[in-house]
Amino acid sequence: MAASKLPPPEIDSDEEDNGDWEEWQAAGQEEEGDEDEAMKCLFCNAELPTSRDVFQHCSEVHFFDFLKLRADAGLDFYDTLRLINFIRSKVAETEAWSAESSLELQQSIREDAGVSMVTKSKGPNPSGTPAWKDDKFLTPFLKNDSLLYSFDDEGDDDDVEEFNAADKTSALRDLLEGNSHSESSNSTEMKAPAGTGNVGTSELADLTKFFQSLGEDIREELVSPVDVSSTSDVPSYSSSGAPLQDDGPPDAIAVDDQKEIELESKLPNKKNKKDLKVTFAEVAKREARNVNKDYFGSYSAFGIHREMLSDKVRTDAYRDAIVANPTLLKNAVVMDVGCGTGILSLFAAQAGASKVIAIDGSSKMASVATQIAKANGYLKDATNPESNSKGVITVVSGMIEELDETMPVEAGGVDVLVSEWMGYCLLFESMLPSVLHARDRWLKRGGAILPDSAQMYLAGFGKGGTSLAFWENVYGFDMKCVGEEVVRDATQAPIIDVIDSKDVITTSSLIQSFDLATMVADDTDFTAQFKLELLPPRDHSSEELSNVTWCHGLVVWFDTPFSERFCKDKPVMLTTSPYSPRTHWSQTILTFKVPIALSRKHDSSEKVDKGKVGAEDFPAAAIAGRISIARSHRHRSIDISLETSAVSSSNVVRTWPVQMFDI
C-alpha cells in the first residue's frame, strides 16, 4: 500500500475529533499495480503478455479462434472457465495438437451450443451434456494459470481498457433506462464479432449483478451524463486479432433468425472525441473506498462494541493472553490494530507495557478510545510526557496501510502486535491483510503476534441443525412447507448461527492452518480436501432403528491460539467450536441442496448404483469433498465453493454439482 501523503494526525487528550471521514481517507488512494504475469498458450509452451495475445496466437498458429468460438456458442463466464481447463487437460493427455483436432473441437462446441456455422441459427442440443461442461473443469488444471483471471478482459493496454469501460458503462445505462432488449442469452446472438465493443446478453446479466452490488452514489454516477473517449488511435479488433474497419457501431441484434431489434449505440463517434470521465477501474476503486467507509462506519456504532465486549469467551481469552503473560508484556512496545474502544490496549498498559500505539480506521472510535484511555489514566500526554507514569497509550486514527510515514514508532520498533481481526468464517471483513502489513512494517524480528495462529475446521450436521424440526410441528400444526422453503434459501447463502454439538453428526476435518508470524495475504485464498465419517450414535432413538442418518450440510468454525511460542507464562486457546461455549462469531453453516444419507453398515453384496449412493436405500459410508475460500471481488467479502461426494463402503462415488456461497 502507498504511504499517506496527507497523514492523519495523532489524537491526544487535548484534541477533539472532528469526525470528518474525507479528511483522513482522502490520501493514499493510488496503489502500485502488480507486474503482469506471462500467460501460457492453450496448446503449446509459448508465453504471451496478455490474454488477447494468447487468443490471437491460438488463432494464427493453432487454428483455434477462441474469441469467435465463445461468441458463436454464447459461452458464459463459467463455460469459458470450463473450456480453458478442458483444453489444457486434453493437450496434457495427448502431448500433441493438430489443426484437425482444433477444428473438430470448435465444431463440436458449436454443435453442443446448437449453433450452425452456416445459418447461425440456434436450436436444441440433442447430444446431451458435453464432456467439457463437467463441473470438474471449474478447477484450474494449471496452478496459478494467469489466463483464468484475465480471459474476460476485453483488452490489456490502458486505451483499450478505457474504450471497453465506456462500452460497459453504456450497457449499464441501457439496463437502467429499460433499453435491454433481451433477457435470455440462449435466444440472442451478437452479429458483430467478439472484441468490437458490443456487450452480449450474458455479459449484461453479469453487469446487472455487478451494478446491484455498487453503492448508491456510484450507481448515480454511472447513470448520469458522461463524456467518453472514442479514439481514432485505438483500433478495434476481430476475434482473430485483425484490425477492423471503423464503420460505426453495430446497430442490430439477431433474434431467432427472424426479426431484428434496433440497438441504439451509446458509444460516441470520432467527431465527438472527449476525455473519458468514468472507467470501471475507477468505479471499483471508489466502491472499495465506500465499502471501507461503511465498514469503519459500522464500527462507530456502540452496539457492536457492546456485543464484542460482552462476549466473555473472546474478551477473557485476550485478557488472559495479555495480562497473564508478564514475561512478554513487561516494558514492551505494543501495537493494537483495530483498537475499537481500546480494551486490548488497556490490558497491555495494565500488564506493564512501556508504550502502546492504538490504531483504528474509524475516526469516531479513535476519539472514543482516546477518551477511555484518558478516563482510566493510561493516555500519554503529548505536551507533558512525564506528568503521568501510567500514560503509555497513544491513539492514532487512520487505515494502517496509510500510516507508514506518520506512525509514532520507528519501523521494526514494536515488540508485540495484538489485534482482534477475526470475522465470520474467520476471514470475512478481510482485516487480516492489514494486520500482516503492520507485522511486516513495524514488528521487530522475532517479535510476538497475538494470536499467533489460526485453524479452520468443518464437520457435517444433521436435521437438528436446520429449522425443519421446528416447522414440522408448530402448536400441533404441520408447517413443513415453510421449513422446506427456509432450507432452500439456506442453500444459496451461508447462515451465521450456532449449531448445537448434539447436531454435529460426523467427524471433523482441519481445512486450513495459518501461521500469523510467517504467512502472506494470498494464503487466505485456499482450497482444501476433506473426508467426513459418521460419528457413533449418542442415543438409541429412531436413528438406530433406521440405520440411516441424514447429513444436511457442513458447519465451519475456527480456533485462534495464543500458543507457548509467545505466551510462555500462560498459553490460551480461543475457539468458536460447536463443542465449546458460544461466541459472537457463532459458526458458518453451509446447507446442501440435497441431504446425504450416511450409515455405518457396509454395502450388501449387490451392486451399488453410482447414482443412488447417499440415498436412503444406499446410504454412504463417508462424505468427501473439496472447499475453496477466497477473497471476493466485492471488497472485504469472501466467496466459498463447495464440492461434495457420497462415498460407499465399496468406494463407489456419487458427486453433486458445485455449490457457491458468499459472505
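Student: Which residues have the most contacts inside the largest nonpolar core?

Tutor: Bear in mind that this is a predicted model, where local features need pLDDT of at least 70, side-chain atom pairs count only at pLDDT 80 or more, and totals for chains, interfaces and linings use all residues. Residues are numbered from 1 along each chain as its sequence is written, and side-chain values use heavy atoms, with hydrogens and water left out. A nonpolar core is a set of buried Ala, Val, Leu, Ile, Met, Phe, Trp, Tyr and Cys residues joined through side-chain atoms within 4.5 Å, where buried means under 20% relative accessible area, exposed over 50%, and partly exposed in between (1.4 Å probe, protein chains only). The largest one has 97 residues, and those with the most contacts inside it are Met335, Ile393, Met456 and Ile627.

Student: Which helix gives the largest share of this core?

Tutor: Helices (H or I, at least four residues) and strands (E, at least two) are DSSP runs, numbered from the N terminus. With 6 residues in the core, the answer is helix α13 (residues 343-350).

Student: How many bridges join β15 to strand β19?

Tutor: Two strands pair if DSSP finds at least two bridges between them. β15 and β19 (residues 622-631) run antiparallel, and glutamine 529 has arginine 626 as its bridge partner in β19. The number of bridges joining the two strands is 8.

Student: What is the closest N and O distance in the salt bridge of arginine 314 with glutamate 420?

Tutor: A salt bridge is a side-chain nitrogen of Lys or Arg within 4 Å of a carboxyl oxygen of Asp or Glu. Arginine 314 sits in helix α11 (residues 312-323) and glutamate 420 in the loop between β10 (414-419) and α15 (432-442), so the pair ties together parts 106 residues apart in sequence. Both residues are buried, and their closest N and O atoms are separated by 2.7 Å.

Student: Is aspartate 440 buried or exposed?

Tutor: Aspartate 440 forms a salt bridge with arginine 439, and that arginine counts as buried at 9% relative accessibility. Aspartate 440 has a relative accessible area of 57%, so it is exposed.
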